[in-house]
Amino acid sequence: MSQRTDGPLLVRMDDTTAVLTLNRPEQRNAFDGSLLRLLREVIDDLDRDDSVRAVVITGAGERAFCAGADIRHMQSMDVHRAREWGHLGHAAFGALEALRKPVIAAINGAALGGGCELTLACDFRFAAKGAVIGQPEIKLGLIPGWGGTQRLARVVGQALAKDLILTGRLMPADEALRVGLVGGVAPDPAATLELAMVYARQFASLPPLAVGFAKRAIDEGADLPLREGCALEVEYFGRAFATTDHDEGIAAFLDKRPPAFTGR
């Protein structure tokens, strides 16, 4: 994975973890069209790069993880352009959600609107103590357009999703932890990123194909009836037996030694 040291999206490698930083601090890391398209491009690169075992996403500065969509960018949109804008966001976040590697959001500040929706497309979320999370679009006469009405309810339940979306209120990090929206709260942004990195580094020693199969089974099975979800699980379970990592895992267990997984 090539590193990006400037522009609206920074990319760096920390061993086997790709760290993506939304880098529009003057706009509170809000999305415009170019940033959305760049994010999608980087996601596609990450999916093809077998050296990447996990992805961490955070925001530049300490004010915001991501304030959502750039309001000035949306100001002159008509219905047709708004739908295109919605499709653009869904394409980027859908690709992120479908990434075969685990994705972790290090929420260093406010995650609002599209910023909240970005975190919902991640597999894990950690937040700084002062961070707030919410979908305040209703206060602009809008509704979430990049998955908020769908993914938020799947994470925290329909009643709480309606509370957040219909009122537009912002949820503090401690409450987000209590309701399961985030998996941990750190004292400050730097500690939040390190918490995410510690979590990400666990995947360096695990078999990436099996991790990807498990992630797909969970995500793809979420909307299926139980019988169909279990059939999907059996399919991915069988695929795992065709990998050399499975052979290595079994051999290492029987030999009482650490496995050396290669991603094959």
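At what angle do helix α9 and helix α10 pack, and how far apart are their axes? In this predicted model, α9 (residues 208–221) and α10 (residues 226–240) pack at an angle of about 170°, with 9 Å between their axes. That makes α9 roughly antiparallel to α10, since angles over 145 degrees count as such. On the α9 side, the residues that meet α10 are Phe-213, Arg-216, Ala-217, Glu-220 and Gly-221. Their counterparts in α10 are Leu-232, Tyr-236, Arg-239 and Ala-240.

Now to strand β3, residues 54–59. Six of its six residues are buried, so β3 is largely enclosed by the rest of the structure. Ala-54, Val-56 and Thr-58 point one way, while Val-55, Ile-57 and Gly-59 point the other way, and both sets are buried.

β3 also has strand partners. β2 (residues 17–22) runs parallel to β3 and is joined to it by six bridges; β5 (residues 103–107) is parallel to β3 too, through three bridges. Val-55 turns up in both pairings: it is the bridge partner of Ala-18, and it stands opposite Val-103 in β5.

| Strand pair | Bridges | Example residues |
|---|---|---|
| β2 and β3 | six bridges | Ala-18 with Val-55 |
| β3 and β5 | three bridges | Val-55 with Val-103 |
| β4 and β6 | two bridges | Ala-64 with Ala-110 |

Between β2 and β3 comes helix α1 (residues 33–48), and the three make a right-handed β-α-β unit. α1 has 16 residues and reaches 23 Å from its first C-alpha to its last, close to the 22 Å expected. Which of its residues are buried? They are Gly-33, Leu-35, Leu-36, Leu-38, Leu-39, Val-42, Ile-43 and Leu-46. An α-helix has 3.6 residues a turn, so residues three or four places apart point the same way. The cover over the buried residues of α1 includes the strands β1 (9–14), β2 and β3, along with the helices α2 (71–74), α3 (79–98) and α4 (114–120).

The partner of β4 is β6 (residues 110–112), which runs parallel to it.

Terms used:
Residues are numbered from 1 along each chain as its sequence is written. This is a predicted model: local features need pLDDT of at least 70, side-chain atom pairs count only at pLDDT 80 or more; totals for chains, interfaces and linings use all residues. Side-chain values use heavy atoms; hydrogens and water are left out. Buried means under 20% relative accessible area, exposed over 50%, partly exposed in between (1.4 Å probe, protein chains only). Helices (H or I, at least four residues) and strands (E, at least two) are DSSP runs, numbered from the N terminus. Two strands pair if DSSP finds at least two bridges between them. A crossover is right-handed if, with the strands pointing away from the viewer, the path from the first strand over the helix to the second runs clockwise. The expected span of a helix is 1.5 Å times one less than its number of residues. Contact means heavy atoms within 4.5 Å. Axes are lines fitted to C-alpha atoms, for helices over the stretch in contact, and angles run from 0 to 180 degrees between N-to-C directions. Angles under 35 degrees count as roughly parallel, over 145 as roughly antiparallel, 65 to 115 as roughly perpendicular and the rest as oblique.
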